[in-house]
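Trainee: I'd like to zoom in on just one part of this protein and really get it. Could you walk me through it slowly?

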Amino acid sequence: MNQLQIAVAKGDGIGPEIMDAVIQIFNAAAVPLNYQYIEMGKTYYDAGHRSGMTDAAKQAVEELGILFKGPMETPKGKGVKSINVTARKTWSTFANRRHFKSLNGVNTVFSKAGIPIDITIVRENIEGTYGGVEHMLSPDVALCRRYISRPGSLQVHRFAFEMAKKEGFTKVTCAHKANIMKMTDGLFLETFYEIAKEYPEIEANDIIVDDLAMKLVAYPQQFQIVVLTNLQGDIMSDLCAGLVGGLGFAPSANIGEHISIFEAVHGTAPDITGKNLANPTALLLSGLMLLRYLGLMEQANLIENALLYTLEQGSHTGDFGDKSIPSLSTQAFTQTIIDNLGKAPANHAARESKVLSTFEKPVAPSDQKMMLGKHGQGVEKLVGMDLFIETDLLAYQLAERIQQLLPATLKLVNIANRGTQVWPTGSKFTECVDQYTARIEAIEAESNMVELLACTQQLASQLNFSSIEFLKYFDDKAGFTLAQGQ
Ligand code: NAI
């Protein structure tokens with residue numbers, strides 16, 4: 001039989017231990033796949049590969065279209081960019097699907113209360129603060145840019161609704177903070193309802209993300225699919241992992257148009273690396289998402305039932321389960337699942353699922369298809385700019401200096417510090433840092449780039465700029481927010 005080949009990266013820390021365990025289970029269940037092991041992870045970053053993988057590894061993933069990976073190490077703070085995030089972004093895996101389901105034998109406050117949990121988080125995977133586009137504006141002030149795009153948001157919302165339709169869900173919820181971040185989360189929410197209109201049979205609602213955090217803990221059964229921006233989705237999915245027993249039970253699939261990556265939500269667990277203690281369940285559940293994605297439903301159900309039976313019997317690794325039953329090593333737990341292939345749990349057996357789509361190997365898009373497409377339309381009008389200025393001056397002193405240098409065609413509208421207006425009106429109680437934003441607008445209805453840049457040249461003789469942001473209207477709608485108190 002001509003078996004499909006997938007790329008496998010064992011990863012760092014406990015990665016090799018749990019990946020070996022999962023492949024052992026796949027082989028015992030006669031999963032018809034071939035594995036091409038690729039060189040990717042911290043070792044390869046340390047060896048000088050800036051993306052954390054060799055050229056051959058990159059080529060293999062782009063040719064095969066599927067990467068099954070173990071966790072990879074990212075040092076905190078300075079240094080290495082996350083190899084995991086780089087892989088997800090480079091290959092445009094725009095939707096991160098994470099499934100959180102109560103498991104027999106994994107006791108939580110909810111299982112004890114008889115409340116079953118079955119929540120799918122769909123997290124936008126490319127944009128948001130995870131872009132990691134950060135700058136120091138002064139030695140004291142750092143700024144992170146949060147990209148939210150219309151095409152990117154449409155893509156992830158469509159994925160969530162398509163998934164709901166194909167898999168029989170009846171409700172999709174969009175979580176956001178559009179009451180505060182009116183432009184970014186506002187766009188995410190607007191595009192959600194745009195897509196929802198195409199799926200009238202599915203209930204669509206939205207919730208502010210902090211309310212979601214509370215309701216997930218108080219009434220988790222209210223939610224089926226929740227779609228969120230990148231960082232909010234990341235945080236909420238760890239909360240959901242807590243509801244079903246921890247990160248050891250949280251699988252994840254990063255789905256793209258061409259390439260998809262399957263991995264556990266947890267990290268490299270350096271504290272237990274090499275000790276034969278790691279729980280392979282989350283990676284195994286991610287592997288089951290992978291098998292179902294490839295249409296290997298029979299094998300996925302066989303393995304899932306063996307896992308559920310194993311958990312129902314009380315077998316467990318050290319990180320969970322009934323403490324009165326001795327815990328098993330990674331290898332012993334793996335062998336127990338293999339021994340249980342063919343058995344099914346008394347309760348909550350694997351959900352029979354249909355083949356929903358057929359996987360096709362990726363074909364690199366032509367130059368014309370590299371752009372996601374422009375959806376927004378309308379007349380663009382440039383009216384001014386926000387100048388980010390590093391100075392120890394007080395706001396009124398800065399205002400005087402700017403006003404002395406401004407041409408007659410432009411006016412200083414206001415000055416803000418950390419997003420709060422401090423000139424022309426403000427409060428003496430607003431504490432400031434050495435980073436102001438001066439909003440300069442055209443006196444007439446419109447300005448132009450040449451006029452604004454000439455003005456910055458004039459001001460640059462006396463002021464130290466950190467950044468410039470242009471103020472535009474799109475179809476008479478302001479493309480910028482007001483400062484707090486403006
Ligand atoms: P972590 O998830 O590795 O560990 C947190 C705690 O959970 C530790 O006590 C660990 O022993 C335990 N744990 C995690 N997975 C387990 C498993 N399968 N079985 C039993 N116990 C398990 O998170 P941490 O310590 O914040 O991150 C360590 C490294 O992993 C960092 O370099 C981080 O950047 C990276 N990481 C990688 C991810 C990925 O590859 N997708 C995701 C999250 C973190």
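Predicted model: local features only at pLDDT ≥ 70, side-chain atom pairs only at ≥ 80, totals over all residues.

Is the crossing of α1 and α10 left-handed or right-handed? And once that is clear, could you show me the helices around that spot?

Let's get our bearings. The chain has 486 residues, and 50% of them count as buried. Its secondary structure comes to 14 helices and 18 strands, and the C-alpha atoms fill a box of roughly 85 × 50 × 45 Å along the principal axes. If you take the contacts between residues at least 6 apart in sequence, 76% of them join residues at least 24 apart.

Now your helices. Two packed helices are described by the angle between their axes and the distance between the axes, so let's start there. The axes of α1 and α10 come within 9 Å and cross at roughly 50°. Angles under 35 degrees count as roughly parallel and 65 to 115 as roughly perpendicular, so α1 and α10 are oblique to each other. And here is what you asked: the α1 and α10 crossing is right-handed. On the α1 side, Ile 18, Met 19, Val 22, Ile 25 and Phe 26 make the contact, and they meet Leu 283, Leu 284, Gly 287 and Leu 291 of α10. Sort the residues of this α1 and α10 contact by class and you get eight nonpolar, one polar and no charged.

Take a moment to look at the numbering on the α1 side, where Ile 18, Val 22 and Ile 25 are among the contact residues. An α-helix has 3.6 residues a turn, so residues three or four places apart point the same way.

Helix α1 has another partner, α12. The axes of α1 and α12 come within 10 Å and cross at roughly 15°. That angle makes α1 roughly parallel to α12, and the crossing of α1 and α12 is right-handed. From α1 come Glu 17, Ala 21, Gln 24, Ile 25 and Ala 28, while α12 brings Thr 330, Thr 334, Gln 335, Ile 337 and Ile 338. By class, the α1 and α12 contact has five nonpolar, four polar and one charged residue.

Thr 281, Leu 284, Leu 285, Leu 288, Leu 291 and Arg 292 of α10 touch Met 297, Gln 299, Ala 300, Asn 301, Ile 303, Glu 304 and Leu 307 of α11. By class, the contact of α10 with α11 has eight nonpolar, three polar and two charged residues.

Now follow the chain out of α1. Ala 30 sits in the loop between α1 and β2. Most residues other than glycine have a negative phi, and most peptide bonds are trans. Ala 30 has a positive phi, near 55°. With a relative accessible area of 56%, Ala 30 is exposed.

Elsewhere in the chain, Asp 476 also has a positive phi, near 65°. Asp 476 lies in the loop between β17 and β18 and counts as exposed at 68% relative accessibility. There is a cis peptide bond too, joining Trp 423 and Pro 424, with omega about 10°. You'll find Pro 424 in the loop between β15 and β16.

Before you go, a quick word on cysteines. If a disulfide needs two cysteine sulfur atoms within 2.5 Å, the count comes to zero. Cys 432 is partly exposed at 38% relative accessible area, whereas Cys 455 is buried at 2%.

How values were computed
Residues numbered from 1 in each chain as written. Heavy atoms only, no water. Axes fitted to C-alpha atoms, helices over the stretch in contact; angles between N-to-C directions. Helix = DSSP H or I, 4+ residues; strand = E, 2+ residues; numbered from the N terminus. Parallel < 35°, antiparallel > 145°, perpendicular 65-115°, else oblique. Left-handed = near helix turned anticlockwise from the far one by under 90°. Contact = heavy atoms within 4.5 Å. Nonpolar A, V, L, I, M, F, W, Y, C, P; charged D, E, K, R; others polar. Buried < 20%, exposed > 50% of the residue type's maximum accessible area, 1.4 Å probe, protein only.
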